[in-house]
Amino acid sequence: MIWKMAWRNLWRSKRRTIITLVSIVFGIFLAVIHTGLSDGSYSKLIDMAALMGAGHVTIEPIGYRKQQNIEIFITGVSRMIAAIKTRPDVLHASARIVGQAMAATAEDSSGVGFVGIDPFDAKGQLVMLNHIIEGSFDAPSNASVVVIGAGLAKKLGVKLKSKVVITTTDKSGEVVSGLFRVCAIFKTGSDAADKYSIVVPIDSIRKLVGYGPEDASQIAVLVHDQRKAKRVAGELSALAEKHGGVSLPWFDVIPTLAAFIKIKSTSNYFIQILVFLLIAAGIFNTLLMSVLERFREFGIMMAMGMTPYRLWKLILAEASFLAVVGILSGIVFTAPVFCYLHTHGLDMRGLVGQKMSLYGIMFDPVIRTALFIDRELIVICGVFVLVLITGLYPAIIASKTRPVDAIKTL
Amino acid sequence: MNTWRMAWRNIWRAKRRSLVTMAATAFALGTMIFFAGWTTGFSTQIRDSAVLMTMGHIQIHHPEFRDSYSIYKFIPDFESKIKALKEAQFKISYRLYANGLAAFEKSSAGVQICGVDADLEKQTIQLPNHLLKGNWLDRTDKDGVVLGRYLSETLNVKTGDTIVLVSQAADGSMANNLYAVRGILKNVSEDIDRAGLFMNTDTFREFMSFPDGVHEIIVSYEGDRDLNAAAKQVADIVPDMEVKTWRQISPELSDLSNYTETMLIPFLVIFYTAVAILILNAMLMAVYERIREFGIMKAIGMQPLRVFSVLAAESLFMTTIGTIIGAAFGLAVALHFQKVGIDFTRFSDSITLSGVAFENIWKVKVTVQSVVTPILMLFVMSAVATIYPAIKASVLSPVRAMRHL
């Protein structure tokens with residue numbers, strides 16, 4: 001009976017109910033979009049960093065963080081990669097050789113960082129290879145070819161098929177050099193990549209630095225969901241240790257980015273708390289108003305024998321109906337916008353320019369909402385609880401109505 | 001009866017309802033004021049850390065200096081230029097640069113020797129206040145130096161130790177001398193942390209046999225001015241020198257500050273929508289719930305225009321009271337955090353972004369704009385939220401209004 005009454009009460013004063021519902025619907029809308037956008041912008045940055053550098057999880061030799069040197073490496077990589085790839089949460093894993101070198105032509109020379117990767121296995125693994133503007137990296141993994149950035153190409157004065165001499169140290173510390181032909185040129189928009197990075201086939205660099213076919217500087221693991229990086233890193237550490245390596249999540253590999261994201265996310269949580277407070281105040285306001293306006297009604301009901309407890313339950317039942325209807329319509333209203341923002345994104349290009357980079361990590365000026373269903377569910381449940389909590393006080397006030405006074409008021 | 005009086009009485013007749021509405025508007029405004037101050041602080045912080053710490057707003061160099069960092073590419077006749085800049089109300093400081101090698105016991109490291117005017121530096125930028133240990137240079141101190149943090153770690157020196165400095169002087173001779181370490185800087189920027197060595201200009205001139213000229217003039221100003229306009233003004237004063245803004249000197253930092261400011265926009269929109277909904281709700285409820293009452297008033301002869309004016313006056317009263325309370329509350333909170341800052345150091349103490357170190361305490365910045373804009377927004381939103389229901393209430397026929405639930 002209480003529920004039926006509550007339901008009828010709601011629709012008896014349609015306008016009031018609709019105003020309250022609007023605030024709940026907007027509450028859901030704003031909270032969900034806010035969460036989605038902020039999660040989306042960090043995930044994007046993290047994914048980009050993973051593609052730019054060493055994956056979401058990096059398996060590397062012990063001590064490599066302190067002394068990034070070609071002299072220390074891990075071995076047995078193909079067996080490790082095979083084992084890692086069996087995990088369902090892993091998108092991809094590939095062996096890399098990274099190091100510093102000097103790239104020189106007749107015209108000029110420049111210090112560069114190189115990444116050795118298997119060309120057949122490199123599709124979608126490295127940002128540089130996703131932004132090739134000329135040529136292609138389709139080559140055997142022992143070919144002496146090199147992919148260089150547009151900025152570096154300009155400095156060295158090279159075009160496709162030009163020769164570049166790459167000088168580095170091998171695993172015993174001897175200076176070695178090799179002749180490589182430019183097979184592709186990339187332009188990512190990040191200076192760090194375009195001016196100071198080159199990509200070479202892994203076997204040709206193995207030959208140059210004297211690594212065996214099973215040796216590499218690191219294994220870069222990409223996962224489907226960046227939030228799982230820490231867990232995956234932890235679970236891979238046994239495997240890594242067996243091969244004399246360690247397994248590190250991205251935030252240990254790129255601590256500055258991690259710090260920046262921490263600051264940004266703290267500030268976003270902060271905005272989120274304020275938004276939630278405002279939403280709560282809005283819902284509280286309408287619920288309280290609708291009770292205050294109905295004292296006369298409550299007075300009459302109590303005069304006819306309604307107990308305070310039942311009245312209290314009635315108001316809470318109204319609040320729960322409002323919450324349920326509000327949340328359902330909120331989801332209906334939010335879902336299309338959320339999906340649009342997930343697929344098309346919010347284009348900030350007009351405001352920040354075409355491309356920009358942050359710490360040499362290219363940053364996509366289109367922010368998309370991240371599809372982390374669990375996070376959105378928490379937000380939605382949060383709003384539900386919020387409505388019930390804000391309904392408590394009005395319900396208590398209503399249950400304290402004194403019939404005689406209430407009927408007298410306007 | 002007078003419209004204003006009637007509105008005033010209406011408000012206090014239903015005390016509880018009015019208080020709820022006013023509390024909602026006050027809360028909305030308070031939050032807005034705090035938030036506006038916080039975003040102002042947030043987006044200027046990165047800029048200010050970079051600009052005020054080491055760079056200044058604008059730098060002047062010899063047109064070829066930044067390519068070569070050669071000691072011979074100096075700004076001639078700098079005293080008259082500085083005088084002219086000071087007359088144009090700019091704050092200035094100047095620097096002399098040279099490369100050298102510092103050694104202590106068995107360690108040595110390449111350094112960038114920077115001759116500064118200790119007092120001008122204090123007036124223009126924040127660097128002298130960011131000491132980890134010891135003191136900033138004293139103007140009369142002939143043999144004191146201040147080192148960057150990592151440089152001091154590389155050399156393994158403490159304040160009070162004496163280091164050897166070697167360089168090639170401007171006249172081609174070999175310069176070497178002993179200097180006492182007076183202070184060690186906190187993290188400031190990548191370059192200074194790793195290689196910065198500061199000494200007085202007189203000491204520099206004597207050590208490097210460099211009698212005249214400076215390599216860099218740092219120009220900064222107070223208040224919000226258009227950076228490019230200021231740069232143009234400076235360029236007019238020193239026509240034949242290279243004048244660059246900090247954005248041109250450090251495009252990466254410029255990107256970073258653009259990034260943080262731009263990324264804030266969608267979240268700002270969300271926040272202000274939430275505020276708008278709260279205010280709309282409060283005002284809509286305050287009017288809609290009383291349509292019956294207006295029906296009765298109209299039945300006893302009140303004109304539609306009068307009903308409208310009473311409602312508008314009520315809304316104005318409530319918004320004004322809400323504004324006073326909200327502004328007081330918002331300002332108090334904002335000013336408090338302007339003083340102490342919001343401390344995020346437990347997430348990470350000091351981070352280096354694009355070579356510049358930031359302290360992770362975010363200061364709220366209260367400006368006239370960050371207080372006035374929210375108040376204006378509140379009034380606009382309240383007006384929008386009142387006008388529609390007020391018109392509806394004033395034109396509704398009494399019979400229908402009285403039946404209205």
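Two residues are in contact if their C-beta atoms, placed from the backbone, lie within 7 Å. Keep that in mind as we walk through this predicted model, starting with a pair of helices in chain A.

In α1(A), the residues A:I2, A:W3, A:M5, A:A6, A:W7, A:N9 and A:L10 meet a set from α12(A): A:R310, A:K313, A:L314, A:A317, A:E318, A:F321 and A:L322. Sorted by class, this contact has 10 nonpolar, one polar and three charged residues.

## How the pair is arranged

Helix α1 covers residues 2–12 of chain A, and helix α12 covers residues 308–343 of chain A. Their axes are 8 Å apart, and the two pack at an angle of about 60°. That angle makes α1(A) oblique to α12(A). The crossing of α1(A) past α12(A) is right-handed.

## The nonpolar cores

The largest nonpolar core has 94 residues. Within this core, the residues with the most contacts are A:I24 and A:I279 from chain A, together with B:A28, B:A274, B:V275, B:L278 and B:I279 from chain B. Helix α11 of chain B (residues 251–288) supplies the largest share of this core, with 15 residues.

What does B:I279 touch, once residues up to four places away in sequence are set aside? Its partners are B:T25, B:A28, B:L378, B:M381, B:S382 and B:A385.

## A closer look at A:V25

A:V25 sits in helix α2 of chain A, which runs over residues 14–52. Is A:V25 buried or exposed? A:V25 has 23 other C-beta atoms within 10 Å, and the cut-off for buried is 20 or more, so this residue is buried.

Not counting residues up to four places away in sequence, A:V25 touches A:G326, A:S329, A:G330 and A:F333. A:V147, in contrast, is 122 residues from A:V25 in sequence and 52 Å away in space, C-alpha to C-alpha.

## A closer look at B:L311

Over in chain B, B:L311 belongs to helix α13 (residues 304–340). B:L311 is buried because 26 other C-beta atoms lie within 10 Å.

Leaving aside neighbours within four places in sequence, B:L311 is in contact with B:V287, B:T386, B:A390 and B:A393. B:A334 lies 23 residues from B:L311 in sequence and 33 Å from B:L311 in space, C-alpha to C-alpha.

Key
Residues are numbered from 1 along each chain as its sequence is written. Chains are lettered from A and ligands numbered from 1 in the order in which they are written. This is a predicted model: local features need pLDDT of at least 70, side-chain atom pairs count only at pLDDT 80 or more; totals for chains, interfaces and linings use all residues. A nonpolar core is a set of buried Ala, Val, Leu, Ile, Met, Phe, Trp, Tyr and Cys residues joined through C-beta atoms within 7 Å. A residue is buried if 20 or more other C-beta atoms lie within 10 Å of its own, exposed if 12 or fewer, and partly exposed in between; C-beta atoms are placed from the backbone. Helices (H or I, at least four residues) and strands (E, at least two) are DSSP runs, numbered from the N terminus. Axes are lines fitted to C-alpha atoms, for helices over the stretch in contact, and angles run from 0 to 180 degrees between N-to-C directions. Angles under 35 degrees count as roughly parallel, over 145 as roughly antiparallel, 65 to 115 as roughly perpendicular and the rest as oblique. A crossing is left-handed if the near helix is turned anticlockwise from the far one by less than a right angle, and right-handed if clockwise. Ala, Val, Leu, Ile, Met, Phe, Trp, Tyr, Cys and Pro count as nonpolar, Asp, Glu, Lys and Arg as charged, and the others, Gly among them, as polar.
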